[in-house]
Amino acid sequence: VIVLTDPSGQQRLNTSVPWNTPLPSFLDPNVARSIQETRMPYVSDVLAGAVPRRELIGIVVPVLHSGEVTYFLTASLPLQRIQDILAQAGVGEERTVGVADRKGRIVSVVPDRSGEKDQSGFLDRVIWTADREGVSVGRGLVGAPAVSGYSTSEITGWTAVVSLPRG
């Protein structure tokens with residue numbers, strides 16, 4: 001889905017609905033302010049889409065005219081798309097790979113473990129640590145003994161984790 005939003009946050013175009021459908025305001029004012037100040041793209045945490053209502057990720061880029069932000073162009077991706085990208089990467093049979101947004105919400109885990117929760121608190125320890133990257137030995141991404149490497153993106157604030165079983 002592609003959305004064009006003006007600086008006030010009002011959607012002007014949304015490819016997921018028919019033309020002339022009334023569109024709600026869309027962009028968080030803090031996100032808009034940050035993009036206007038930095039002129040840099042922004043990747044959201046997992047959020048509920050305004051139209052249609054489903055969980056997704058927004059990638060927002062500023063549209064500049066004469067050096068000023070005149071619009072925001074947003075591409076929204078369903079969480080399944082991140083899952084597909086990780087699955088296509090071929091992470092290997094014994095590895096577990098996960099991605100979490102800046103709030104610690106698990107976006108995707110491969111192999112798919114959507115029914116499982118992080119009982120070990122691993123993601124909480126990794127995401128809220130002061131270190132942006134490192135290695136952890138103990139309970140891994142799905143709670144089993146593992147050696148895990150993690151890295152947090154300076155641009156998105158998202159964290160990627162790869163866990164190998166320890167046996």
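A residue counts as partly exposed when its relative accessible area falls between the limits for buried, under 20%, and exposed, over 50%. By that criterion Arg 102, with a relative accessible area of 24%, is partly exposed. The model in which this residue is found is a predicted one.

The protein chain comprises 167 residues, of which 37% count as buried. Its secondary structure consists of three helices and 11 strands, and from the N terminus on these elements follow the order β-β-α-β-β-β-β-α-β-β-α-β-β-β. Among contacts between residues at least 6 apart in sequence, 39% join residues at least 24 apart. The chain exposes about 9,800 Å², and carbon and sulfur atoms supply 55% of that area.

Side chains of opposite charge can pair when their charged atoms come close. In the whole structure, four salt bridges are found. One of them joins the side chains of Arg 102 and Asp 45, at 3.1 Å from N to O. Arg 102 belongs to the loop between β7 (96–100) and β8 (106–110), and Asp 45 to the loop between β3 (42–43) and β4 (47–48), so this pair ties together parts that are 57 residues apart in sequence. Whereas Arg 102 is partly exposed, Asp 45 counts as buried because its relative accessibility is 9%, and the limit for that class is under 20%.

The loop between β7 and β8 also holds Arg 105, which is paired with Glu 55 of strand β5 (residues 55–65), 50 residues apart, in a link between distant parts of the chain.

Attention now turns to a nonpolar region of the surface. Val 135, Val 137, Val 147, Val 162 and Leu 164 form a nonpolar patch there, with about 410 Å² of accessible area together. Strands β9 and β11 (159–165) are the elements that give two or more residues to this patch. Val 137 lies in strand β9 (residues 133–139) and is exposed, with a relative accessible area of 57%. Beyond residues up to four places away in sequence, Val 137 touches Ala 146, Val 147 and Arg 166. Val 147 is located in strand β10 (residues 145–152) and counts as partly exposed, at 33% relative accessibility. The C-alpha atoms of Val 137 and Gly 149, 12 residues apart along the chain, are separated by 9.0 Å.

Notes. Residues numbered from 1 in each chain as written. Predicted model: local features only at pLDDT ≥ 70, side-chain atom pairs only at ≥ 80, totals over all residues. Heavy atoms only, no water. Helix = DSSP H or I, 4+ residues; strand = E, 2+ residues; numbered from the N terminus. Buried < 20%, exposed > 50% of the residue type's maximum accessible area, 1.4 Å probe, protein only. Contact = heavy atoms within 4.5 Å. Areas by Shrake-Rupley, 256 points an atom, 1.4 Å probe, with all protein chains shown as cover. Patch = residues over 30% accessible without salt bridge, like charges linked within 9 Å, V, L, I, M, F, W, Y side chains within 5 Å.
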